[in-house]
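The exercises below are to be worked with the sequence and the coordinates open side by side.

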Amino acid sequence: MTKKPIFRFERPENLPLVRTPTLSVAIITACRDGQEKLNLLMASLAAQTYPKELVSVHVIDDGSKTPIEIPAIAPKKSKVIRYKNTPSSWGKTAATNDVASTIKADVFWFVDADMVFEKEHLAHHMKWHHDGDGYAVLGWKRFVQEWDNSPQKAFEMINFGKFADMHSESWVKELWENRIEKTADLLHPGLDGYRSFVGATFSIKSTLWKKMGGYRRELVTGEDTELGWRLFMEGIRIIPERRARSWHLGYSTVESNKELIDRHNQPSLAQYIPEMKKVRARTSNSWVIPTYEAVIDVRNSNLKQLQSICSGLTSFPGTQANFILLGSWSQLKKRYSPVSDRYGDLREISNWLKSENNVTFQEEGDENLKIEKILSRFTNSPIPFHIFIDGDFDGDFDGKLLCDYLLAHEYGLVGLATKQDRRAFAVFQPALARSISMPGSIYQNLSATWGVLWLTHESFVAMHSGSKFRRARAVNFLKREGKKVNSPQQLLIFTKKLFSVLLHKALK
Amino acid sequence: MQSVENTTLDRSTTFSQEIEAISRIRLLRHNKTRKYPAVSVVLSTVRPDDLTSILSQIKLQSLKSFELLIGLHAIQLNAQHKTLISQLNKRGIKVRVEKYSQESTLGTILTDLARKSSGDFVAKMDDDDYYGPDHLRDLVDAIIDKEADVVGRAMNYVYLEPLELTVRRFGVQGTQAVELWSDWVCGGTILVSRAAGESAGWFGNGTTAVDRYLLSHVTENGGKIWRTFGAGYIYKRGFTFHTYSTNYSKYLKNANQQVVGLWQDAIFGTQ
């Protein structure tokens, strides 16, 4: 019997711990000084219930002033890797990537060096990896301000089941926990669920780490958030494991230097994460990863139709698109005269757009385009939405609305068919990535993993017009934005926003 | 005893409920049929690939023996067709091939084939649709049981080739209604008695609306048309030329279900 494909982000409920685990795990942590906290971390790792013969610890010393040492209380297979710093190799991201590429283990568990773990923490991560591939597991943590520096005492408390008693005062990150709560533990992550992905304690299969290419090397901070975005876009199920408990020693650097960190992280992360719309909306710059990739069949359309599709898709501030135009471009090389040009429309498109960086021209013959063939034209990359549309689509095409619908209803593909037999559809990247990774037809896989829905364009338009729909949308907007008002400054922002939306509508 | 037709089948009927209800009807009808009459199938084709597909489906028909008349509309048989025809002959299907020029119309081809056929009943099949293995046998059982002049199927399953999607449409109204006397059935599923077909002038001589020609003349002559369930037959809407649109999107409206690819079930011979 073939295994049933995984549906969306669903996962087994109440997965028990594995009785006889078989997977090996490499625990990887990078530090730059901070031996005292590391000693506590190592003590808590030594107390883990997961079979010791399957565990190895790799402490990366990223240029500490006093070289990092393995403390007395530590798992048996622990070693320090001194990461030789050069102008092109320094910092957590580069160090972790370079060292991880030399480690052989089934699973990588990445931890920060200022964490202390409950004894079943690792076992709770590993139960998921024994269940299957395609998981990224996040540990659960609380923040503490003060702690006892004795590794011996920490080891004993954890070992004797007194982990919870180690601190009487601790804090949670409310924003983080609210998001987990709101998304049903990332079962319904929406588009911003990736933000829950933090590097303090997460584990993934080493094959997946390699497939992802590890962290994005260009990032010095926020590399975990960006990895979270790519894992999400890969269709990986990210599991916040509430039973994998831990203490985080002190506030994170993000909390205590928010403004400086934001100034640094926002634009560098927004390069790769299109969902950071608000950051992107501040300028009209180009960013590395666009919001949309649109494959447009222009074989029977003209420049005006194409322009209308393109401008419609990027009309909202902070959105950007790559366009792949399908046409019989090779025909343009043949001898022609401007006054009797069979390919006049195609040539006009080419002449206007051939130097645009976000436009590529792909050859297509005369044949009918099958869905599978169109799907194979999409780039399997962390662009959240892929769109196909016939260039001569009859009626107004609202790509953003289609993608909103796709996301809200959690389908893998939502398509529209018109009275004139024209087609348009939107595909959700996590669904596409998983469907591509499976054997067989991408289209069939999309249907099995995320679901496919076709509607008439007529009914789609009807569903999104009329006073009832407009009123519901306005109420939602006011509710959402109104919630944020908690100071005169926020009220000003709210008023400005309201005004700009009204202006946008008025000018439309 | 409650008549089988009174089984409630409406919009809320699920696929498995539909199949269950249909199985009862089929079993009752099949057990009533003592002896199968001589049946002829008429088939006009312009596309070699479609001919291959339909011959493969005809080979799997559970009706034991029948006659098949193929009208080649300005095409030639290829090696694959010939192999399939010899396989059909071996399993008790007599095949007759007639050639027609480009100028012939669909109506004249089908009418000519029907006239040349010898069966007590004539079935029309379309080369681009999909037929389950019991298609012909179900129609014959129904026409005997209902003592009808024509039997054909409701349109419950439509395959939209440009979307690679099968839609299931089930309800008590329109072309989806099943098991009732009507003046309309799917053209690709017509089974007509020789007498009724002859007096209707078979399929006329037009290029289109050949099915309507037969059905309306049968009705005008006072004949009775029974529309049976659609499961076991999938009507196909293919790609069309760019300059010509058929609005296949209308089949998405009010569809009960849609699945990617051909609907997978034994009744369609797809499983």
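**Exercise 1.** Determine in what order the eight strands of the open sheet of chain A are arranged, and identify its edge strands.

*Solution.* In this predicted model, begin by tracing the open sheet of chain A, whose eight strands follow the order S3-S2-S1-S4-S7-S6-S8-S5 with mixed pairing. Next, look at the two ends of that order, where strand S3 (78-82) and strand S5 (115-117) of chain A are the edge strands, each of them pairing on one side only. From one strand to the next, the twist averages 30 degrees. Finally, examine the pairing of S5(A), which runs antiparallel to strand S8 (residues 237-249) of chain A over three bridges; within this region A:Met115 stands opposite A:His248 in S8(A).

**Exercise 2.** Carry out the corresponding analysis for the open sheet of chain B, and state which helices lie across its strands.

*Solution.* The strand order of this open sheet, which has eight strands and mixed pairing, is S3-S2-S1-S4-S10-S6-S11-S9 (chain B). Strand S3 (93-100) and strand S9 (180-181) of chain B have a single partner strand each, so that one side of each is left without a neighbour in the sheet.

The helices can then be placed on the strands. Helix H3 (residues 79-90) of chain B lies across strand S2 (66-73) and S3 of chain B, at about 145 degrees to S3(B). Helix H5 (residues 135-146) of chain B lies across several strands, including strand S1 (39-45), S4 and strand S11 (225-228) of chain B, and runs at about 135 degrees to strand S6 (150-153) of that chain.

**Exercise 3.** Describe the interface between chain A and chain B by its area, its contacts and the elements that contribute to it on chain A.

*Solution.* Start with the residue counts: 23 residues of chain A are in contact with 18 residues of chain B. The area buried between the two chains is about 1,800 Å², and carbon and sulfur atoms give 54% of this area. For specific interactions, one salt bridge is counted between the chains, formed by the side chains of B:Lys253 and A:Glu458 at 2.9 Å, N to O. Ten residue pairs, both members at pLDDT 80 or more, are in polar contact between chain A and chain B.

On the side of chain A that touches chain B, the elements giving two or more residues are helix H13 (371-377), helix H16 (442-449) and strand S15 (452-456). The most is given by S15(A), with five residues. By residue class, this side of chain A divides into eight nonpolar, seven polar and eight charged residues.

How values were computed: Residues are numbered from 1 along each chain as its sequence is written. Chains are lettered from A and ligands numbered from 1 in the order in which they are written. This is a predicted model: local features need pLDDT of at least 70, side-chain atom pairs count only at pLDDT 80 or more; totals for chains, interfaces and linings use all residues. Side-chain values use heavy atoms; hydrogens and water are left out. Contact means heavy atoms within 4.5 Å. Buried area is the accessible area (1.4 Å probe) that two parts lose on being put together, summed over both. A salt bridge is a side-chain nitrogen of Lys or Arg within 4 Å of a carboxyl oxygen of Asp or Glu. A polar contact is a pair of N or O atoms within 3.5 Å; within protein, one must be able to donate a hydrogen and the other to accept it, and residues adjacent in sequence count only if both atoms are side-chain atoms. Helices (H or I, at least four residues) and strands (E, at least two) are DSSP runs, numbered from the N terminus. Ala, Val, Leu, Ile, Met, Phe, Trp, Tyr, Cys and Pro count as nonpolar, Asp, Glu, Lys and Arg as charged, and the others, Gly among them, as polar. Two strands pair if DSSP finds at least two bridges between them. Axes are lines fitted to C-alpha atoms, for helices over the stretch in contact, and angles run from 0 to 180 degrees between N-to-C directions.
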